[in-house]
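Reader: I have a structure open and I'd like to learn how to read it. Could you walk me through some features one at a time?

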Amino acid sequence: MLHSVRTRRGMVTAPHHLAAQAGLGVLQDGGNAIEATIATAACLAVVYPHMTGIGGDGFWLVAEPDGAIWAIDACGAAAAAADLALYAGVEAVPNRGPLAANTVAGTVSGWRAALEKSGSTLPLSRLLRDAIHYAEHGVAVTKGGAEIIAAKGAELRSQPGAWAGTYDGYREGELLRQPRLGTTLRRLADEGLDSFYRGSLAADIAGELDELGSPVALSDLQRHRASMPDPLHLRIRGVELFNTAPPTQGIASLLILALAHRLPAGRDDGFQHVHGLIEATKQAFLYRDAHVGDPAYMHADPQALLDDCATLDAMAARIDMEQALPWPNPSQPGDTCWFGAADAEGRVVSCIQSTYFEFGSGLVLPDTGITWQNRGSSFRLTHDGWNALKPGRKPFHTLNPAMARFEDGRVMAYGTMGGEGQPQTQAAIFSRYARFNVPLQEAITRPRWLLGRTWGEESVTLKLEGRFAPELCDQLRAAGHQVELVDAFTSTMGHAGAIVRHPSGLLEGAADPRSDGQVAAW
């Protein structure tokens, strides 16, 4: 992918082409960007089941035509039964299995909140139509999906539930049918989205979770509501940046750009640019890992930090522009889908959802076909402190959708999957586009870097795609970075995307060549 897509009437970008087309179809049928985003999200749950699903969580940022920007937190909390006694005898919450499925799935509640806010006109049956079709009639397995099925099969096929009977053994290009998930999506269309939490579907889900050994009960589902906290915001030269509040790592994404703004820019993808963003990432992650989690348990105020220029100046002053800070700190893994939409009215959406690890907890509910997330496996089994497990507590989230509003009237929605890599990729894309005027698609296609690990890997090196100039790699090594070269286009760097709405109404979009996605536009 070399060139940005441009149009005026509507646009969707997603990491799977069928999902982008599903969203575009809703725009063409008179829906708005929020309705298109739900169609895209539902379709991704079917065509990209290794990355996302209705058994996970989601977060939204929406820019309205009048300039207002609002957010949705669709994060599920730990079950009432998910206490320390439940995990007696183990040192950590398992990554897979019933005890990893210890939080409510919030994604569907986010769809409901978005529709209530937007005043939807299209019926749910239309929004979920394409997702239902692909679940019932099948979708070709992607290369990435087949690779994950093969790589993770040993740990997933042993889990209770229907994973083995649903996904195991599929190879690239084979037709994957998920009829039980299709039936569940039909029920949501018929009964309403709230049925997932307080209807007959909720009772069925709770029964299946109980039978498989998960602590999530019907009462936990019934208590859940999506919330709409104020987004975090940061003003730098010529632009106001937005991201989601805790429990997400949105503060880290904004901090990287706040600190980098105070550093020498150099030239695009030169040593000062890349080194500066990497070192800003370290400072941002140190703050994140010390403070960010469920806001009900936090003592720090992320927005106050973003508003405190003196403190930001002091943080930036800790960065040595010639020498790398020794690293690593503990990394945050996770797999995700970011997608965006824009309509002719001027509404722009940045959305992200995930089941955390590939196929989440590995629990696929036998009757409803839902893959349940393992986001709660990040909880620490301790009485107090950062991300300590407590009933009703929200887990720390790597998910964070990004948005920017430029003084010249442009609105940019952007994001990526990739756990620890999300803030880093956001910083690379935004700085290339906004600071160095790199065309939008080129900003995503160019080589990227990742400090730390993602996709379940243990390596914590500074990974650079092989397309970077050799002299940059040498300079980074000389500065003390532990450089590891990886493939030229690797999913390790995430599946990014972006949409920019210009003041004229022109829409510009980009998708990641590392993904199976596209920009769908009309």
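Predicted model: local features only at pLDDT ≥ 70, side-chain atom pairs only at ≥ 80, totals over all residues.

Reader: How many residues does α2 have, and how far does it reach from its first C-alpha to its last?

Author: Helix α2 runs over residues 33-47, which makes 15 residues, and it spans 20 Å. That is close to the 21 Å expected at 1.5 Å a residue.

Reader: What caps the N-terminal end of α2?

Author: That's N32. One of its side-chain oxygens lies 3.0 Å from the backbone nitrogen of I34.

Reader: Next, rings. How do I describe two aromatic rings that pair up?

Author: You give two things: the distance of the centres and the angle of the planes. This structure has 11 aromatic pairs. Take Y414 and F430: their centres are 5.9 Å apart with 20° between the planes, and the pair counts as stacked.

Reader: Where do Y414 and F430 sit in the chain?

Author: Y414 is in strand β12 (residues 411-416) and F430 in helix α16 (residues 422-436), so their pair ties together parts that are 16 residues apart in sequence.

Reader: Which residues do ring pairs link into a cluster?

Author: F406, Y414, F430 and Y433. There's also a charge story here: R410 lies over the face of F406, 4.1 Å from the ring centre. Elsewhere, the charged end of R393 sits over the ring of Y297, at 4.1 Å from its centre.

Reader: Last topic: how do strands of a sheet pair?

Author: Through backbone hydrogen bonds, either parallel or antiparallel. Here, three strands make an open sheet in the order β13-β14-β15, with mixed pairing. Its edge strands are β13 and β15 (483-486), each pairing on one side only. On average, neighbouring strands of this sheet are turned by 20° against each other, direction ignored.

Reader: In what sense do β13 and β14 pair?

Author: Antiparallel, over three bridges. To spot it on screen, look for L451, which stands opposite L462 in β14.

Conventions:
Residues numbered from 1 in each chain as written. Heavy atoms only, no water. Phe/Tyr/Trp six-rings, centres within 6.5 Å; stacked < 30°, edge-to-face > 60°. Helix = DSSP H or I, 4+ residues; strand = E, 2+ residues; numbered from the N terminus. Lys NZ or Arg CZ within 6 Å of the ring centre and 35° of its normal. Expected span 1.5 Å × (residues − 1). Polar contact = N/O pair within 3.5 Å; in protein donor to acceptor, adjacent residues only side chain to side chain. Pairing = 2+ DSSP bridges. Axes fitted to C-alpha atoms, helices over the stretch in contact; angles between N-to-C directions.
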